[in-house]
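Please look over the sequence and the model shown here, and keep both in view while reading. The paragraphs that follow move from helices to strands and then to a few single residues.

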Amino acid sequence: MTKPTLLVLAAGMGSRFGGDKQTSAVTPQGEFILDFSLFDARRAGFGRAVLIIRKEHRAVFEASLDVRIGEGFIIDYAYQDMDDLPASFSVPEGRTKPWGTAHAVRAARGMINEPFCVINADDFYGYEAFEMMAKHLSSSEEAAMVGYTLANTMTENGSVARGECVGEDYLESVTERLGIEYNQDQTAASYELEGKKVPLPLETIVSMNFFGFPSKCMKCFDDFFADFLTTMKDPMKSEYFLPSAVSAMINNGITKVRLFSTKDRWYGVTYKADADKVSAAMAELKLEGVYPESLWG
C-alpha cells in the first residue's frame, strides 16, 4: 500500500512575525515547529514530505532540518514562484504579493502521484490529526479535513485568519475569515467584513489548512487557478486560498470532504510575542513524555 505524502507550505513571508518563522527554533535543541509535524507524520504512517519553499531558503532548510533528521524521514523540495502561472497568463505589472496557499500546493504538481496531506510549516497540530489523516488517506478516495475549535487556535497578540467550516460528517463549505480577534475579556471573537465586526463563536470549527486529498485532486489546483486568475477582483492583492480550491472541488462534485475534528490545541507563531508561549508549550509536552527530549535522537 502506498503511503501518503505530507505537503508542507513553508514559503510564507512572515510579515506579521517579522522574519522567517518557519526556520525559527522553538526548543533548546534548535527544533522548529515543523520538526514536530514531521516527527508526528512519520510515526502516523506518512512516507515522505515535500516542502514548498522559496528557492533562496533551500540552503537554510538543508543545513538545519535535513541535518537533524538525517535518514529519519525523506524530504523533497518544490518552489513557489510568482511567475509559475498557466499558459497565456502573466504576472500583473507591479504585483509583489504571492499568489496564496492553493498556488503553493500547485507548485508540487508533477512531484506527487499518491494521496497527500497539506499543512502549514509554522503550525503545531498535535499527533491525533496526523493519525486520523493517515488512516483516512490509506483507506478512502475522498478528501478530508481536520478542523480545530476556534478557541484552541486564537492568539492574544493580534488578529488571525481562519477558515470557518460548515458541515458535520462532511464539509459543506469553508470560508476564509480575516481579522479574527478576541473581544476585550477574551470571552468572544469577531472577524472583519467590509469594515464591520461580525461575531464568530469560539466553538466554531475552523480550518488550519490541514487537508488530505486523493492523488486525482492535484490537477484541480492547476485547473482552478486558471479560473481564479480570470475572475480575481484585485490583480495586486487577490489570493488563491486553499479553502477556495476545496470549496470548488465540493461544488463541482469532484470529491466529498470528510470532516474530522480534534480537541488538541493548536500552537503557532503568527506574531513575535507568540514565540515564548510556543516554546513553553513544546517544553511541557516533552516533560509529559508526549515527545522525546530530542526528536531525532
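Predicted model: local features only at pLDDT ≥ 70, side-chain atom pairs only at ≥ 80, totals over all residues.

A polar contact is a pair of N or O atoms within 3.5 Å, where, within protein, one atom must be able to donate a hydrogen and the other to accept it, and where residues adjacent in sequence count only if both atoms are side-chain atoms. With that in mind, the side chain of R48 reaches the backbone oxygen of M111 at 2.5 Å, and the side chain of R48 also makes a polar contact with the side chain of D76, at 2.6 Å.

Residues are numbered from 1 along each chain as its sequence is written, and side-chain values use heavy atoms, with hydrogens and water left out.

Helices (H or I, at least four residues) and strands (E, at least two) are DSSP runs, numbered from the N terminus. R48 is found in strand β2, which covers residues 48-53. Because its relative accessibility is 16%, R48 counts as buried, a word that stands for under 20% relative accessible area, whereas exposed stands for over 50% and partly exposed for what lies in between (1.4 Å probe, protein chains only). If contact is taken as heavy atoms within 4.5 Å, then R48, leaving aside its neighbours within four places in sequence, is in contact with several residues, among them P4, L6, F73 and I112.

Helix α1 (33-44) has 12 residues and reaches 17 Å from its first C-alpha to its last, close to the 16 Å expected at 1.5 Å a residue, the expected span being 1.5 Å times one less than the number of residues. Since 10 of the 12 residues of α1 are buried, this helix is largely enclosed by the rest of the structure; the buried ones include I33, L34, F36 and L38. Just after α1, G45 takes a positive phi of about 120°.

Helix α2 (residues 58-69) has 12 residues and reaches 15 Å between its first and last C-alpha atoms, close to the 16 Å expected. Which residues of α2 are buried? They are F61, S64, L65 and I69. Seen down the axis of α2, these buried residues fall within an arc of 115°, so they line one face of the helix, the arc being that of the directions from the helix axis to the C-beta atoms. On the other side of α2, A59, A63 and V67 are exposed, while what covers the buried residues includes α1, β2 and β3 (74-79). Just after α2, G70 takes a positive phi of about 60°.

Y77 has its place in strand β3 and, because its relative accessibility is 8%, counts as buried. The residues that Y77 touches, not counting those up to four places away in sequence, include F61 and D66, and the side chain of Y77 makes a polar contact with the side chain of D66 at 2.6 Å. The C-alpha atoms of Y77 and L7 are separated by 9.6 Å, although these residues are 70 residues apart along the chain.

A nonpolar core is a set of buried Ala, Val, Leu, Ile, Met, Phe, Trp, Tyr and Cys residues joined through side-chain atoms within 4.5 Å. Of the 58 residues in the largest such core, L6, L38, F46 and L51 touch the most other members. The largest share of this core, seven residues, comes from α1. A second, separate core of 39 residues includes L9, A104, A248 and L259.

Strand β11 (residues 205-213) has eight of its nine residues buried, so it is largely enclosed by the rest of the structure. Two strands pair if DSSP finds at least two bridges between them. Strand β4 (residues 116-120) pairs with β11 in the antiparallel sense over three bridges, with F213 in β11 as the bridge partner of F116. Strand β6 (residues 143-149) and β11 are likewise antiparallel, over five bridges, and there A144 stands opposite G212. Strand β7 (residues 160-167) is joined to β11 by two bridges, and these strands run antiparallel, with E164 opposite V206.

T204 lies in the loop between β10 (196-199) and β11. A polar atom of the side chain of T204 lies 2.7 Å from the backbone oxygen of P201.
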